[in-house]
Amino acid sequence: MDVFTVVVFLYTVEVAYFQQCTVRTLRVDADKTGTRLNGHTYITFSNIGPNACYNECIRRTKCRSFNYNSITRRCDINKMSSSSETDFVDETNCVYVDMTQYRGDSYYDPCPGSDACVEGEFCQTLKDDKKICNRDVKECEVDGYVRYTKENLCLKLVSTSGSTWTSARAVCLNEGAELVSITTLEKMKFMQNLLKGINIWIGLQSKRWMTGDIFQNIYTMSVQLNDYDSGYHTDSDASCGSLTAGALQDESCNIRQKTSLFAKLYF
């Protein structure tokens, strides 16, 4: 073997080794470089590697794509993917990966097909390679939710420009959540500490909580449930629950509007 052949051979090996290392930097190919999807991140992880970012996304059904910055080691997992240039902003050292192409492929997806987790869960692989779905506690750390650990709940005070009880519930359901049910005195005290005098819609209608539990007056506050709203007596349904720091009552479901509501999300 002459010197030229040896040099070419060594060069080929080094190139192949370099390419292999480059591939290992990120398990899948980036769909865009020098840019990130803007406005659709629902969880951010700090100081993790690119493959860890990939793993955090692929095991969450809700994650449709992710942004990864190799310098800051920031991982944004997004609740949507996009090919429209208007949805992206320039960011040096950042890559964008669309994960929808890898969903359901057992080579990439740890919980494909019938094993797929629902939104709000993440796939976990146990030591025996068994796959299970767990509630995603990270969901509580985004979008203004706070954790109520006694019932494994995420709670969120949502502000609107004005919504009826019916439309407030639709806002919750659109987030995969529900208007909050308050079936214990301990939870009521927790809620009152969060409210600070704000008047909100809650998950109570016709003396029944959205959990299906029948209302029981166990609270140390004023309670008035009489299916009547003197301000909106033309509403055929005035059985919807509202709460302040000192009182619980039912009011018009379809006409009266409030600017705040409390949503709950299980984890």
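I started with a cysteine pair: C57 and C63 are both buried. I am working in a predicted model, and here a disulfide joins these two, with an S to S distance of 2.0 Å. I looked up its hand next: the torsion about the S-S bond is about -95 degrees, so this disulfide is left-handed.

How many disulfides does the whole structure hold? My search found 5.

I then turned to C111 and C123, whose sulfur atoms sit 1.8 Å apart in a disulfide. The S-S torsion of C111 and C123 is about 60 degrees, so I noted this disulfide as right-handed. The pair links distant parts of the chain, 12 residues apart: C111 is in the loop between β5 and β6, and C123 is in strand β6 itself. C111 is buried at 4% relative accessible area, and C123 is buried at 3%.

Next came C240 and C253, joined by a disulfide with S to S 1.9 Å. Its torsion is about 105 degrees, so I logged this disulfide as right-handed. C240 lies in strand β14 and C253 in the loop between β15 and β16, so the pair ties together parts 13 residues apart in sequence. C240 and C253 are both buried.

Last, I checked the backbone. N47, not a glycine, has a positive phi of about 55 degrees; N47 sits in the loop between β2 and α2 and is exposed at 55% relative accessibility. S206 also has a positive phi of about 55 degrees without being a glycine. I placed S206 in the loop between β11 and β12, where S206 is partly exposed at 49%.

Terms used:
Residues are numbered from 1 along each chain as its sequence is written. This is a predicted model: local features need pLDDT of at least 70, side-chain atom pairs count only at pLDDT 80 or more; totals for chains, interfaces and linings use all residues. Side-chain values use heavy atoms; hydrogens and water are left out. Helices (H or I, at least four residues) and strands (E, at least two) are DSSP runs, numbered from the N terminus. Buried means under 20% relative accessible area, exposed over 50%, partly exposed in between (1.4 Å probe, protein chains only). A disulfide is a pair of cysteine sulfur atoms within 2.5 Å.
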